[in-house]
Amino acid sequence: MVVQRSRTYADVNAVVGGYLRDLAFAQSSQQKMFGYKRAAASILALELPLSDLVGTDGALPRISGIGPGSTRVIREILDTGESPTVERAIEQSGRRTDIERRRGLRRDFLSRAEVRRILSDPALSGPGPEQYHGDLQMHSEWSDGSPTLQEIADACRQRGYHYAAVTDHSYGLKIAGGMSMTDAELQRSAIAEVNAGLGNQFRLLQGIEANIDAAGRLDLTEEEAGTFDLVLAAPHSRLRKEEDQTGRMLAAVAHPAVRVLAHPRGRITGSRAGVMAEWDTVFEAAARRGVAIEIDGDPARQDVDNTLASRALAAGCIFALDSDAHTTTQLAYAETALAHARLAGIPVARIVNCWTLDRLLAWLSNPFSERRRDPRPVTAAFGT
């Protein structure tokens, strides 16, 4: 087997994963569709690129979830960069229009192997895991996550974090088990207990992921929002509408309690493009307000990606790089956010997760505090 390292693609696992998803949607059998989806997920989660896993005899190692059909596709792509098998299946399915649409919704997504390569590439500047002090978006058993607060604190400490924020969904998002204000008060006491047991070793913050409605309002009153250490605002509706929603996002950024605009588009790979907006206008408003733009590291989201993050950087924004974890193992998703930040060339000084706890808390108390650290215009103050 001749392994092609084609100039037309660098992330071979993403290419293979994409073709396998195409093959899944070309199936008439639900069972086969789910099988190829599982195969795609297995490839995208590999720690090494497939081209590095091929033996000297051209054989591939056994990979969980990969059967003969998927192996054929992998071999075709490694040999030529394309898969005639998948293309034939698409033509026979009569679903090319839908599959081409889905292909267009996979741009700028990284495989796990590519994330690892980017983080170890000495030619890239920007943040590395050693400079990352804490994750500011994750979910616990108090909404739609599975871990307890103590499990989250222990897992974050094992990753070397100095702090983290639990940001369960607010009560308006019932589909995600949104947390009532009564439960939020109980959670606040539980977080205090966790922190008391950790002393000065680690600090767990109480955040909330507030939902942005169609008009840009949050599903929290200003008084309610003021009870949390950190308020993230994120869209969870109108994510498939081909309409301009700039006003909606500007209204959310203007809310006095909002500190992070989380997964701003709400995109999902191969499924939806998310919110359409004049993002440069939104980023300029966020920079003026000191609101951080999130790079969400969930592999299915990767929102904002490096291409859009570059525009936010040019607008003078600061950033939050988060995992959006719903289990403790998903805390590793923060590394995907770090990879996009490195590709975008975002300086460490502009990333709130790389700040000391004192600096982070000062910004959470007053988003304009960062400007007072440097009298220059915001784009200069945060570094370019």
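**Reading buried loops, a helix face and a pocket**

Modeller: Glutamine 302 is buried, with a relative accessible area of 1%. Buried means under 20% relative accessible area, with a 1.4 Å probe and protein chains only. This is a predicted model: local features need pLDDT of at least 70, side-chain atom pairs count only at pLDDT 80 or more, and totals for chains, interfaces and linings use all residues. Residues are numbered from 1 along each chain as its sequence is written, and side-chain values use heavy atoms, leaving out hydrogens and water.

Colleague: Where does glutamine 302 lie?

Modeller: In the loop between β6 and α13. Helices (H or I, at least four residues) and strands (E, at least two) are DSSP runs, numbered from the N terminus. Glutamine 302 has a positive phi of about 40 degrees, although it is not a glycine. In that loop, between β6 (292–296) and α13 (306–314), valine 304 also has its place. A cis peptide bond, omega about 5 degrees, joins aspartate 303 and valine 304.

Colleague: Is serine 323 buried or exposed?

Modeller: Buried, at a relative accessible area of 0%. Serine 323 sits in the loop between β7 (319–322) and α14 (334–344).

Colleague: What does the side chain of serine 323 make a polar contact with?

Modeller: A polar contact is a pair of N or O atoms within 3.5 Å; within protein, one must be able to donate a hydrogen and the other to accept it, and residues adjacent in sequence count only if both atoms are side-chain atoms. Here the partner is the side chain of aspartate 135, at 2.6 Å.

Colleague: Which residues of helix α11 are buried?

Modeller: In α11 (residues 246–254), they are Thr246, Arg248, Met249, Ala252 and Val253. They cover an arc of only 165 degrees around the axis, so they are on the same side of α11. The arc is that of the directions from the helix axis to the C-beta atoms.

Colleague: How many residues line the largest pocket?

Modeller: Rolling a probe the size of a water molecule over the atoms shows where empty space is left. On a 1 Å grid over the protein atoms alone, a pocket is an open set of points where a 1.4 Å probe fits, with protein on both sides within 12 Å along at least five of seven lines; lining residues have an atom within 4 Å of a point. The largest pocket is lined by 43 residues. Ala14, Leu44, Phe109, Leu110 and Ser111 lie nearest its centre. The largest share of the lining, seven residues, comes from α1.

Terms used. Buried < 20%, exposed > 50% of the residue type's maximum accessible area, 1.4 Å probe, protein only.
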